[in-house]
Amino acid sequence: MAAAPIIVWFRADLRLHDHAALSAAAATGAPVIPVYVHDEETPGGWQRGGASRWWLHESLKSLDEDLRKLGSSLVFARGPALDVLRDMARETGAGAIFWSRAYEASEIKLERKLHGALEGAGVRCRRFSGALLFEPEDIKTGAGTAYRQFTPFYKTCLSKLEPGATIRAPAALPRVPDGVESDRLEAWGLKPVKPDWSSSIAAAWTPGESGAQARLDRLVDEILQGYPASRDFPGTDGTSRLSPHLHFGEVSPRVVWNAVKMAAGAKGGQLDAGMECFLRQLLWREFCHHLLFDRPSLATAPLRPEFAKFPWQNNAGTLEAWQQARTGYPIVDAGMRELYSTGWMHNRVRMVVASFLVKHLLLSWQHGAEWFQDTLVDADHANNSANWQWVAGCGADAAPYFRIFNPVLQGKKFDANGAYVKAWVPELARLPKTRIHEPWKANKAELEKARINIGETYPQRIVDLGEGRKRALAAYESIKCSAV
Ligand SMILES: Cc1cc2nc3c(=O)[nH]c(=O)nc-3n(C[C@H](O)[C@H](O)[C@H](O)COP(=O)(O)OP(=O)(O)OC[C@H]3O[C@@H](n4cnc5c(N)ncnc54)[C@H](O)[C@@H]3O)c2cc1C
């Protein structure tokens, strides 16, 4: 008698390499049904924004092509995941369903329900790890609680065993059994149509596992060594740009970790400063995911409860100016344009634009997080929420609220020659570099020569930095007082 098929349920693990669930299913020799369920009906999940939906389309297309090279294909199914998978198991006579574990409350709930429904019907459910290097249960404080400080979390991770060897992709897969129906991916409407704003994003990225591998190779060959020095300078290409690939699971963090360790091995086994600094960032990603696992409300509620009473302003006009890169502060506007154009923004500039929003404009971090959620290709429930809270001063291990980034000084320090601003705000490109981060200080002759008319060709500043800072500190004092 033919073996019952095994369903492999793909979610944020859109890859073939280092995919424990897929490899385990393939190893049984049973027919395998790889499926992705597009579920917009189950309530409670974190909603994908436009840029993320574009990436998802491309990534699924790429995964399907990669599966076809092995003899299989991706089944595209749509509807509430629980119903779709239960029906599919019944209709195909599946004996088991395998998946990679998720860490968001709504997905965990879904996994539990699926387990209950299918095990009850005689379908074996197996859950594998793959999205994180360390499971939240394994990294706890001495008191058995989740960490709220990064450094002890980091040290505990490093004291654990290495994440283990990478699992090879299956060499071949059986054909999807006859009769299993699939939607057309194009019919899901994940890509923008009218207007189609995706061409500049498409030009910047190659979604899918081979695109992720190319970024990883580049990291190891060209970026790692100079990473500690270059990672803070947005005008240089000094970071990995692996974030969307990691978010969609086109590469596992373990593969990235092992690639860095192998590079160290090739140099005698010692991690150099670049390697160490990079692995630390990967562990920031872990930290954010552990926080979300512990605090499912991370996107909506401040971790420091006194911030629930913070007197945020409600000003649609300034929010729109920030979103549309019309603040009059060149580094902020450059960042917001990079974001809108490529779906990504350099980490240093993310911190600057976020701080400007929550401190100088006194608009809630949730507004900023929502805009990032809609526009980032790497928009990620854990990383986005934890980092916005960190900048706003209400999160874990957050910078003290009174430490307020000055966008002019940040620009002068991290974009000294103005290369980043010139790339994204070309109307300022003819200004001397001493004026590029504060065009309002240029004299008449400098402005004329650069063909800039402040208020016409480039916006007036929407807030005075000194006044904004004073107002932010007063707002903070008000919650400090009420917390006492
Ligand atoms: C306000 C704000 C919002 C952010 N929102 C997101 C988001 O939605 N998705 C996202 O992936 N990152 C987010 N980040 C973190 C960080 O900016 C990006 O991960 C990084 O810029 C991605 O570029 P990279 O891959 O070249 O990073 P690299 O410097 O090459 O770092 C390697 C990897 O480490 C991880 N990493 C690096 N920095 C952080 C960090 N601060 N927190 C968590 N993980 C980190 C990422 O997975 C990244 O791909 C946010 C940061 C801020 C300040």
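## Arg124 and its strand

Arg124 lies in strand β5, which covers residues 124–128, in what is a predicted model of the chain. Because 14 other C-beta atoms lie within 10 Å of its own, Arg124 is partly exposed, a class that falls between the limit of 12 or fewer for exposed residues and that of 20 or more for buried ones. Once residues up to four places away in sequence are left out, Arg124 touches Gly95 and Ala96.

## The chain as a whole

The chain has 20 helices and five strands, and its C-alpha atoms fill a box of roughly 85 × 55 × 50 Å when this is taken along the principal axes. A compact globule of 484 residues would have a radius of gyration near 23 Å, and the value for the chain, 24 Å, agrees with this. Buried residues make up 44% of the 484 residues. Among the contacts with a separation of 6 or more, 76% are between residues 24 or more positions apart.

## Three domains

The domain assignment divides the chain into domain 1 (6–130), domain 2 (132–164 + 207–294) and domain 3 (305–483). The C-alpha centres of domain 1 and domain 2 lie 25 Å apart, and the contact between these two domains takes 17 residues from domain 1 and 18 residues from domain 2. On the side of domain 1 that touches domain 2, the residues divide into six nonpolar, five polar and six charged.

## The nonpolar core

The largest nonpolar core has 132 residues, and those with the most contacts inside it are Ile7, Val8, Val35, Leu85, Ala94 and Ile97. The largest share of this core, 10 residues, comes from helix α11. Leu85 is in contact with Ile7, Trp9, Val37, Ile97 and Leu114, leaving aside its neighbours within four places in sequence.

Helix α15, made of residues 365–375, is mostly covered, since eight of its 11 residues are buried. Among these buried residues are Trp365, Trp371 and Phe372, together with His367 and Gln373. The buried residues of α15 pack against α2 (50–69), α12 (316–323), α13 (330–342), α14 and α16.

## Around the ligand

The ligand is surrounded by 27 residues, of which the closest are Thr239, Ser240, Asn347, Asn384 and Asn387. Two or more residues of this shell are given by each of α9 (243–247), α11 (273–294), α14 (347–360) and α16 (381–392). Sorted by class, the shell has 12 nonpolar, nine polar and six charged residues, and it draws at least three residues from each of domain 2 and domain 3.

Asp18 has a positive phi of about 50° although it is not a glycine, and Asp18 is found in the loop between β1 (6–10) and α1 (20–27). Because 23 C-beta neighbours lie inside 10 Å, Asp18 counts as buried. Ala325 also has a positive phi, near 60°, in a residue other than glycine, and its place is in the loop between α12 and α13. Ala325 counts as buried because it has 22 C-beta neighbours inside 10 Å.

A further feature is the cis peptide bond that joins Lys194 and Pro195, where omega is about 0°. Pro195 lies in the loop between α5 (150–159) and α6 (199–204).

Key: Residues numbered from 1 in each chain as written. Predicted model: local features only at pLDDT ≥ 70, side-chain atom pairs only at ≥ 80, totals over all residues. Near = placed C-beta within 6 Å. Helix = DSSP H or I, 4+ residues; strand = E, 2+ residues; numbered from the N terminus. Nonpolar A, V, L, I, M, F, W, Y, C, P; charged D, E, K, R; others polar. Domains from an automatic or database assignment. Core = buried A, V, L, I, M, F, W, Y, C linked by C-beta atoms within 7 Å. Contact = placed C-beta atoms within 7 Å. Rg over C-alpha atoms; globule rule 2.2 N^0.38 Å.
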